[in-house]
Amino acid sequence: MPELTTELRKNIEQLLTDQVVDVVIAFKKADAPLRPQPAFFRNLEELEDLEYNGLCQNNLANYLTRYPHDTKIGIVVRGCESRSVNALIVEKQHPRENLYMIGIPCQGILDIRKIIKKTGEDVTGYSEDGDQVSVVYEGKEVNLQRSDLLHDSCLRCAHPNPVNADVLLGEPLPDGDPTIVRLAIEEFEALDRDERYAWFQKEAERCIRCYACREACPMCYCTECFVDHATPRWTESDISQAGTQAWHIIRAFHQAGRCTSCGACERACPMDIKMTYLTDKLNNDMLEVYQFETGMDDNTQPPFASFNLDDKNRFVI
Amino acid sequence: METRPKIALFQCKWCLYSQPDQNWVDNDLPSSMYLVKLPCTGRINPLYILNAAQGGADGIVISGCLPEKCHYKEGNLSALRQHEEFLNFLDYIGYERSRVRFVWLDLQDRGRIQKELADFEAEIAKLGKAKVLATRTNVSPGGQYA
């Protein structure tokens, strides 16, 4: 993808020289070849390090809420990120006029764990070209198929193209199949009650409460999270069964109508805990009951914020 | 010895229009029922419902006002959206949906809360003790917030 990176660099250069934006949020090269890291470009010299490829794991919308509202931000967005940005605009976390979204149609994010499983820990080089990915492991080049390495939530992605982007780099991709998400949920729902709970328990109880999922999530921007509250203590903050279960249930529920299924939480989890089966269910319910999909525009309020008297008939006496 | 199922009652303080009913809920609730009185059903955070389930409540009753009767205009509308979805979600991960009941009360529903509670208690007794999500281990009392 070097051409795309060059085009992106040219674009960002232009934005910074014309002073359209104060800062651009994008990715830069890191010491480890598999882990490009989020970077904040304010001057042209730093742009040397700019990087964009399938390994960019973070959801950059996460950093939007950390700037004052009058900062003009340029942000590189893929499909899910653009929808997170839209959701944040709806929640008045940053005014739209102070944002410049550089959209990139996303071919999917690669799962580092899947790469490491196929080769080994110490990958020293990485390059990609279309459907082919090649990594250097122990001096030898290993060629892999991109489709084998996609992250689970990217396999289910329905909107790879950025929504409401100011500029689009590259050709738009065809929309994904929305029924794939439904399949995974149906598969889980088909299990009986005890199996579902056993699965949930097995996943939730590996949690070490590092809150990496919370830090990676663009929608988790509360200054004080309910689990950090000491008086009153809403729920156990340790790794007890009750504590981890409550964390997973309430964290997911706080995302109802706000989650864009970017999967950043799962990618951030050091314990490889599955979480998207919870948020996907909530997203699917929001779509079925309220016909609402997160971040498809920047003015529709999420269902829990836009209740009205139309719900009258749903009160069962 | 057979014990009665534990029931947590989340009550909106405006929903019982008749004073005798409110007195009964305030003073004469059976010891197996635990009253949480709130300003409005909209004040119920889903976390409270989860806390009740985790703390060992076998059943949960939420009583509130009908639409257009809310003291705060639309607290119950927000509550309905959130709690319905929250219960669907709990059901998805294995909690029985039938362990939670909504009771929306109207002006003429004098004496209904007693009937509803008795009815619900009988239903929960059939279901037995809650196993799913009842995971909280009680710490020994000590300190102000224990």
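## Where chain A meets chain B

Across the interface of chain A and chain B, 13 residue pairs are in polar contact, both residues at pLDDT 80 or more. A polar contact is a pair of N or O atoms within 3.5 Å; within protein, one must be able to donate a hydrogen and the other to accept it, and residues adjacent in sequence count only if both atoms are side-chain atoms. On chain A, four helices each supply at least two residues of the side that touches chain B: α6 (179-190), α7 (193-204), α9 (241-254) and α11 (276-290). Helices (H or I, at least four residues) and strands (E, at least two) are DSSP runs, numbered from the N terminus. Helix α9(A) gives the most to this side, with 8 residues. By class, the side of chain A that touches chain B has 24 nonpolar, 6 polar and 9 charged residues. Here Ala, Val, Leu, Ile, Met, Phe, Trp, Tyr, Cys and Pro count as nonpolar, Asp, Glu, Lys and Arg as charged, and the others, Gly among them, as polar.

This is a predicted model: local features need pLDDT of at least 70, side-chain atom pairs count only at pLDDT 80 or more, and totals for chains, interfaces and linings use all residues. Residues are numbered from 1 along each chain as its sequence is written, chains are lettered from A in the order in which they are written, and side-chain values use heavy atoms, with hydrogens and water left out.

## Size and charge of the interface

The size of an interface is often given as the accessible area lost when the parts come together. Between chain A and chain B, the buried area is about 3700 Å². Carbon and sulfur atoms give 67% of that area. Buried area is the accessible area (1.4 Å probe) that two parts lose on being put together, summed over both. The contact (heavy atoms within 4.5 Å) takes 39 residues from chain A and 37 residues from chain B.

How many salt bridges are there between chain A and chain B? The count is 6. A salt bridge is a side-chain nitrogen of Lys or Arg within 4 Å of a carboxyl oxygen of Asp or Glu. A:D311 forms a salt bridge with B:R81, and their closest N and O atoms are 2.8 Å apart.

## Nonpolar cores

The largest nonpolar core has 59 residues. A nonpolar core is a set of buried Ala, Val, Leu, Ile, Met, Phe, Trp, Tyr and Cys residues joined through side-chain atoms within 4.5 Å. Buried means under 20% relative accessible area, exposed over 50%, and partly exposed in between (1.4 Å probe, protein chains only). In the largest core, A:F200, A:I249, B:F10, B:L50, B:I60, B:L90 and B:L133 touch the most other members. Helix α3 (residues 75-92) of chain B gives the most to this core, with 7 residues.

B:L133 lies in the segment after α4 of chain B. B:L133 is buried, with a relative accessible area of 0%. Leaving out residues up to four places away in sequence, B:L133 touches residues of chain A, including A:Y197 and A:F200, and residues of chain B, including B:L50 and B:Y95.

B:L133 has a positive phi of about 70°, although it is not a glycine. A:Q291 also has a positive phi, near 50°, and is a residue other than glycine. A:Q291 sits in the segment after α11 of chain A. Is A:Q291 buried or exposed? A:Q291 is exposed, with a relative accessible area of 61%.

A cis peptide bond joins A:T231 and A:P232, with omega about -5°. A:P232 lies in the loop between α8 (212-216) and α9 of chain A.

## Salt bridges within chain A

Over all chains, the structure holds 34 salt bridges. One of them pairs A:R96 with A:D298, the closest N and O atoms being 3.9 Å apart. A:R96 lies in the loop between α2 (79-90) and β4 (99-103), and A:D298 in the segment after α11, so the pair ties together parts that are 202 residues apart in sequence. A:D298 is partly exposed, at 25% relative accessibility.

A:R182 forms a salt bridge with A:E186 at 3.1 Å between the closest N and O atoms. These two are separated by about one helical turn because they are 4 residues apart in helix α6 of chain A. A:R182 also meets A:E189 in a salt bridge (3.7 Å, N to O). A network of salt bridges links A:R182, A:E186, A:E189, A:K281, A:D285 and A:E288.
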